[in-house]
Amino acid sequence: MFDITLARALHVGAVVHWIGGVCFVTLVLLPGVRSLTEPAERARIFAAIESAFSWQAKISVTVAGLTGFYITYRLAAWGRFLDPGFWWMHAMVAIWLVFTIVLFVLEPLYLDRWFSRQMHAQPARTMAIVQRGHLVLMTLSLITVLAAVLGSHGAFY
């Protein structure tokens with residue numbers, strides 16, 4: 001059972017790092033960049049700081065996904081996905097999937113270029129869109145974390 005305990009510790013650590021980073025970007029970095037810089041400089045400063053976290057987020061999202069699937073496998077808990085009482089497991093997978101697609105597919109193939117183009121054309125509007133997007137993802141992520149903690153301790157049964 002030590003392997004499950006280790007996997008759960010790695011899972012929680014990865015989620016704390018990943019969602020904590022999303023909270024930092026949403027609540028500190030984006031408002032700070034918006035209030036402290038001229039529109040033309042916002043993209044450069046935001047991209048420079050966020051890129052330092054991007055590779056870390058990719059690692060955390062990967063570790064969270066691998067450990068989550070490992071725990072589900074080791075506990076033979078696949079049947080929980082058929083039980084409505086375990087809706088929070090669906091939420092965890094959904095949030096993980098959204099971030100995995102954004103970080104590994106959309107960002108390199110589309111979002112980086114879109115952000116660059118839009119920051120040249122409409123910097124204030126673009127930063128507002130980015131802020132709203134981060135706020136939505138952060139809120140859904142925090143609801144999912146709270147639900148997962150409550151659900152894993154039997155609160156929904």
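Read along the sequence, the chain follows the pattern α-α-α-α. It holds four helices and zero strands. The model is predicted. Its C-alpha atoms fill a box of roughly 55 × 25 × 25 Å, taken along the principal axes. The chain has 157 residues, and 36% of them count as buried. Take the contacts with a separation of 6 or more: residues 24 or more positions apart account for 73% of these.

**Helix packing**

Two packed helices are described by the angle between their axes and the distance between the axes. The table gives both values for two pairs.

| Helix pair | Angle | Axis distance | Crossing |
|---|---|---|---|
| H1 (residues 2–36) and H2 | about 160° | 8 Å | left-handed |
| H2 and H3 (residues 87–121) | about 155° | 10 Å | left-handed |

Start with H1 and H2, which pack at about 160°. Angles over 145 degrees count as roughly antiparallel, so H1 is roughly antiparallel to H2. By class, the contact of H1 with H2 has 21 nonpolar, seven polar and six charged residues.

Next come H2 and H3, at about 155°. This angle makes H2 roughly antiparallel to H3 as well. The contact of H2 with H3 has 13 nonpolar, five polar and three charged residues. On the H2 side, the residues include Pro-39, Arg-42, Ala-43, Phe-46, Lys-58 and Phe-69. On the H3 side, they include Trp-96, Phe-99, Glu-107, Phe-115 and Met-119.

Ala-43 lies in helix H2, which spans residues 39–74. Is Ala-43 buried or exposed? Its relative accessible area is 17%. The cut-off for buried is under 20%, so Ala-43 counts as buried. Leaving out residues up to four places away in sequence, Ala-43 touches Phe-115 and Met-119. Both of these partners belong to the H3 side of the contact with H2. Ala-43 and Met-119 are 76 residues apart in sequence, yet their C-alpha atoms are 6.3 Å apart in space.

**Aromatic rings**

A pair of aromatic rings is described by the distance of the centres and the angle of the planes. The model has nine aromatic pairs. One of them joins Phe-46 and Phe-115, with ring centres 5.6 Å apart and planes at 55°, so this pair is tilted. Phe-46 sits in helix H2 and Phe-115 in helix H3, 69 residues apart, and the pair thus links distant parts of the chain. Phe-46 is buried, at a relative accessible area of 3%. Phe-115 is buried too, at 13%.

Tyr-70 and Tyr-73 form another tilted pair, 6.5 Å centre to centre with 45° between the planes. What separates these two tyrosines along helix H2? They are three residues apart, which means a separation of about one helical turn. Tyr-70 is partly exposed, at 32% relative accessibility. Tyr-73 has a relative accessible area of 55% and is exposed.

Phe-69, Trp-78, Phe-81 and Trp-96 form one aromatic cluster. Two of its members, Phe-69 in H2 and Trp-96 in H3, also take part in the contact between these helices.

Thr-26 is placed in helix H1. Its relative accessibility is 0%, so Thr-26 counts as buried. Which residues does Thr-26 touch, not counting those up to four places away in sequence? They are Pro-31, Gln-131, His-134, Leu-135 and Met-138.

Gln-131 lies in helix H4, residues 123–152. At 14% relative accessibility, Gln-131 is likewise buried. Leaving out residues up to four places away, Gln-131 touches Thr-26, Leu-30, Pro-31 and Arg-34.

How values were computed
Residues numbered from 1 in each chain as written. Predicted model: local features only at pLDDT ≥ 70, side-chain atom pairs only at ≥ 80, totals over all residues. Heavy atoms only, no water. Buried < 20%, exposed > 50% of the residue type's maximum accessible area, 1.4 Å probe, protein only. Contact = heavy atoms within 4.5 Å. Axes fitted to C-alpha atoms, helices over the stretch in contact; angles between N-to-C directions. Parallel < 35°, antiparallel > 145°, perpendicular 65-115°, else oblique. Left-handed = near helix turned anticlockwise from the far one by under 90°. Nonpolar A, V, L, I, M, F, W, Y, C, P; charged D, E, K, R; others polar. Phe/Tyr/Trp six-rings, centres within 6.5 Å; stacked < 30°, edge-to-face > 60°.
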